[in-house]
Amino acid sequence: MQKKWDTKIVSYMGLSSTNSFDENPSKNSSEVQPDHNECLKILNLVLDEEASPEEQEYFKKHIENCMPYYEIYSVDKAIKEMIREKCYDREVPKDLIDQIKSKIFQGAE
Amino acid sequence: MSETKRQSYSQVEKERTFEKEFLPHIDSMYNFAYRLTFDEDDAKDLVQDTYLKAYRFIESFEKGTNAKAWLFRILKNSFINDFRKRSKEPSKVDYQEVESFYNSEDVDRTITTDLRVETVQDMIGDEISNALNSLDVDFRTVIILCDLEGFKYDEMAKILDIPIGTVRSRLHRARNLLKERLRDYAKKMGYKNS
């Protein structure tokens, strides 16, 4: 399964390998086929709600027709959600606030 | 953030700002401190130190701006200056290398990660948490700031004193590394990819 995927992806990537990171993706928005490489660069922006409306539209258009990219986006999103749910696991020691306050406000009146 | 004009605070205002704007972030601060130091006492010291500095330098906190970002910046600086020196953390990542890597084949590499949504969702918290903890501190930090604390890229740039482009590339690299670790876990656990 993985091997097949890789081959397919490699052939996609072959279509566009020279775009620089900061190139404005909206430049390509008039093209019929969205650019896979460009799309991958926008993925994090969409994931982090940092994408412009044009970038979002561009991305949406792309993943609607591209299963591997839809999967990548879904996995990244699932990981982000899991981090938010599972990595907030430390309780503040009960005495910490009091210790801080007493250090700051002793004799401050 | 650091170039902000000095603000004038009355004693009452100082105390109110501290209580209402600084202290409510103590949970996030402690969690961040623990994930930087992996030690409860160090995390406690780091948070305490951050709050003492925040109060002492409250005039440089611009009223009405994001207190959480300001506090995180102080905590991060305290960690680098006071803790990192004496800790056993490996040396800083060479970001030049990271960025040139990012601008070439690393972008393509993302999509070869064969993790599936179901696999990720089946993982219990420990796997995600351990994978995050296993990352180099600079990569760990961007994921914590972005995914756990929900900071925007411009806020992260200010907290970390780096350009937004570097925030983006570091985050991208961090996520790829995290996925590699998760994929390793998944393999060990015998998850199927198909």
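This is a predicted model: local features need pLDDT of at least 70, side-chain atom pairs count only at pLDDT 80 or more; totals for chains, interfaces and linings use all residues.
Reader: How is the size of an interface given?

Author: Often as the accessible area lost when the parts come together. Here, the area buried between chain A and chain B is about 4800 Å². Carbon and sulfur atoms give 65% of that area.

Reader: How many residues does each chain bring to the contact?

Author: Chain A brings 46 residues, and chain B brings 53.

Reader: How many salt bridges does the rule find across the interface of chain A and chain B?

Author: The rule finds 7. Take one pair to look at: A:Asp76 and B:Lys179. Their side chains meet in a salt bridge, at 2.6 Å from N to O. Polar contacts are counted as well. Between chain A and chain B there are 19 residue pairs in polar contact, with both residues at pLDDT 80 or more.

Reader: Which elements give two or more residues to the side of chain A that touches chain B?

Author: Four helices of chain A do: helix 1 (2-13), helix 2 (36-47), helix 4 (67-86) and helix 5 (96-105). Helix 4 of chain A gives the most, with 13 residues. By class, this side of chain A has 24 nonpolar, 5 polar and 17 charged residues.

Reader: Now the helices. How do I describe two that pack?

Author: Use the angle between their axes and the distance between the axes. Start with helix 1 (residues 11-22) and helix 3 (residues 40-56) of chain B. Their angle is about 145°, and their axes lie 11 Å apart. The crossing of helix 1 of chain B with helix 3 of chain B is right-handed.

Reader: Which residues of helix 1 and helix 3 of chain B meet?

Author: Helix 1 of chain B brings B:Gln11, B:Lys14, B:Glu15, B:Phe18 and B:Phe22. Helix 3 of chain B brings B:Tyr51, B:Ala54 and B:Tyr55. By class, this contact has 5 nonpolar, 1 polar and 2 charged residues.

Reader: At what angle do helix 4 and helix 9 of chain B cross?

Author: Roughly 35°. The axes of helix 4 (residues 67-83) and helix 9 (residues 153-160) of chain B come within 8 Å. Helix 4 of chain B also passes helix 9 of chain B in a right-handed crossing.

Reader: And which residues of these two helices of chain B meet?

Author: From helix 4 of chain B, look for B:Ala69, B:Phe72, B:Arg73 and B:Lys76. From helix 9 of chain B, find B:Lys158, B:Ile159 and B:Leu160. The classes in this contact are 4 nonpolar, no polar and 3 charged.

Key
Residues are numbered from 1 along each chain as its sequence is written. Chains are lettered from A and ligands numbered from 1 in the order in which they are written. Side-chain values use heavy atoms; hydrogens and water are left out. Axes are lines fitted to C-alpha atoms, for helices over the stretch in contact, and angles run from 0 to 180 degrees between N-to-C directions. A crossing is left-handed if the near helix is turned anticlockwise from the far one by less than a right angle, and right-handed if clockwise. Contact means heavy atoms within 4.5 Å. Ala, Val, Leu, Ile, Met, Phe, Trp, Tyr, Cys and Pro count as nonpolar, Asp, Glu, Lys and Arg as charged, and the others, Gly among them, as polar. Buried area is the accessible area (1.4 Å probe) that two parts lose on being put together, summed over both. A salt bridge is a side-chain nitrogen of Lys or Arg within 4 Å of a carboxyl oxygen of Asp or Glu. A polar contact is a pair of N or O atoms within 3.5 Å; within protein, one must be able to donate a hydrogen and the other to accept it, and residues adjacent in sequence count only if both atoms are side-chain atoms.
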